[in-house]
Amino acid sequence: AMPIDYENEYDNRGRVPEHPEIFARWESQTKAYRAAAQGAELGLSYGPSPRQYVDIFSGKNAGPNAPLAMFIHGGWWRLLDPTMYSMLAACPNAQGVTVALAGYDLCPQVSIATIIEEMRAAVLFLWRRYKRRVFVYGHSAGGHLAACMVATDWTTLDPGAPADLVPAAYAISGLFDLAPLTQVSQNADLKLTDESARASSPLYWRVPAGRTLDAVVGGIESSEFLRQSKTIADAWRQGMAQTRYEEIAGANHFTVLDPLADCDSAMSKRVVELARQVQGMAL
């Protein structure tokens with residue numbers, strides 16, 4: 001077999017030359033939603049550095065027990081921020097789901113291991129604020145972080161929190177086996193070694209039985225991105241998690257997010273369904 005060209009397989013911007021137009025479209029959708037959203041709470045600090053904040057958009061008629069979701073953005077753990085993705089709160093909000101979009105410090109200033117800890121701190125911030133379980137979803141690097149949250153035993157971090165504080169996650173175009181990233185140019189910023197790549201790969205974590213993970217990927221993404229999602233769905237199913245693998249036909253690494261902005265899409269409906277499923281669990 002030919003050796004895999006990891007540089008090409010993981011170069012999403014190179015594979016989707018029209019990505020600037022896609023980003024521009026998201027930005028205009030986000031501006032519109034930020035202007036229209038009622039009662040949004042923006043820039044709430046959950047940690048010491050300026051990038052450790054959440055933007056919270058309340059669900060329509062959200063009472064004290066409304067479903068709670070947290071979205072984690074991508075950008076190779078080294079780019080972008082939550083403000084670009086506010087528009088993704090619109091559909092869940094319309095269905096009564098409150099959405100927090102989480103920021104984090106970026107590589108190379110911090111490591112991926114530190115970003116995982118920051119996302120745990122963001123989830124615990126939401127727990128202390130709402131005393132509710134959290135459904136986590138994310139894109140690309142955010143899909144990796146969402147999987148990490150579902151495989152976390154929260155009682156080790158806060159004895160008052162349920163062990164399954166994040167019982168379900170929906171990972172879009174995620175990365176779960178970080179080993180190949182030691183061989184791509186982005187690793188100049190990620191600074192992964194073979195050891196740290198494995199330690200931060202949720203593929204190898206023991207996931208508690210009964211947790212839920214949907215691993216979803218664009219049908220025209222690289223073979224490596226398809227493999228990443230297929231592999232974790234298979235591996236975690238062996239560990240008695242409930243997993244789904246799904247390809248979104250015709251979608252690339254960026255347009256795979258578009259169904260989240262369409263309230264009638266199967267993806268939007270599944271996100272709302274999982275958020276409600278999590279909200280319905282007894283504390």
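**Figure 1. Salt bridges of the predicted model.** The structure holds twelve salt bridges, a salt bridge being a side-chain nitrogen of Lys or Arg within 4 Å of a carboxyl oxygen of Asp or Glu. Side chains of opposite charge can pair when their charged atoms come close. This is a predicted model, in which local features need pLDDT of at least 70 and side-chain atom pairs count only at pLDDT 80 or more, while totals for chains, interfaces and linings use all residues. Residues are numbered from 1 along each chain as its sequence is written, and side-chain values use heavy atoms, with hydrogens and water left out.

**Figure 2. The salt bridge between E41 and R129.** The closest N and O atoms of E41 and R129 are 2.5 Å apart. E41 belongs to strand β1 and R129 to helix α5, so the pair ties together parts that are 88 residues apart in sequence. Helices (H or I, at least four residues) and strands (E, at least two) are DSSP runs, numbered from the N terminus. E41 is partly exposed at 29% relative accessibility, and R129 is partly exposed with a relative accessible area of 36%. Here buried denotes under 20% relative accessible area, exposed over 50%, and partly exposed in between (1.4 Å probe, protein chains only).

Figure 3. In helix α9 (residues 223–238), R227 and E224 are three residues apart, separated by about one helical turn. Their salt bridge has its closest N and O atoms 2.8 Å apart. E224 is buried, with a relative accessible area of 3%, whereas R227 is partly exposed at 29%. A network of salt bridges links D177, E224 and R227. In helix α10 (residues 266–279), E273 and R270 also lie three residues apart, about one turn of the helix. The side chains of E273 and R270 meet in a salt bridge of 3.1 Å, N to O. R270 is buried, with a relative accessible area of 10%, and E273 is partly exposed at 40%.

**Figure 4. The open sheet of eight strands.** The strand order is β1-β2-β4-β3-β5-β6-β7-β8, with mixed pairing; two strands pair if DSSP finds at least two bridges between them. Strands β1 (41–45) and β8 (242–248) stand at the edges with a single partner strand each, so one side of each is left without a neighbour in the sheet. Neighbouring strands of this sheet are turned by 20 degrees against each other on average, direction ignored. Axes are lines fitted to C-alpha atoms, for helices over the stretch in contact, and angles run from 0 to 180 degrees between N-to-C directions. Strands β6 (residues 168–172) and β7 (residues 212–218) run parallel and are joined by five bridges, with I172 opposite V216 in β7.

**Figure 5. Strand β4 and its two partners.** Five of the five residues of β4 are buried, so this strand is largely enclosed by the rest of the structure. T98, A100 and A102 are buried on one side, and V99 and L101 are buried on the other. β4 pairs with β2 in the antiparallel sense over four bridges, where D55 stands opposite L101. β4 pairs with β3 in the parallel sense over five bridges, where A69 stands opposite V99.

**Figure 6. Helices α5 and α6 against the sheet.** Helix α5 (residues 112–130) lies across β1, β2 (53–57), β3 (68–72), β4 (98–102) and β5 (135–139), and runs at about 160 degrees to β3. Helix α6 (residues 141–150) lies across β3, β5, β6 and β7, and runs at about 155 degrees to β5. Contact here means heavy atoms within 4.5 Å.

Figure 7. Helix α3 (residues 19–36) has 18 residues and reaches 26 Å from its first C-alpha to its last, close to the 26 Å expected at 1.5 Å a residue; the expected span is 1.5 Å times one less than the number of residues. Its buried residues are H19, I22, F23, W26, T30 and Y33. These residues cover an arc of only 95 degrees around the axis, which puts them on the same side of α3; the arc is that of the directions from the helix axis to the C-beta atoms. The buried residues of α3 pack against α2 (12–15), β2 and α4 (90–94). E21, K31 and A35 are exposed on the other side of α3.

**Figure 8. The surroundings of L181.** L181 is found in the loop between β6 and α7 (187–190) and is buried at 0% relative accessibility. Not counting residues up to four places away in sequence, L181 touches Y10, W76, W77, L175, N187, L190 and L192. The C-alpha atoms of L181 and S200, 19 residues apart along the chain, are separated by 12 Å.
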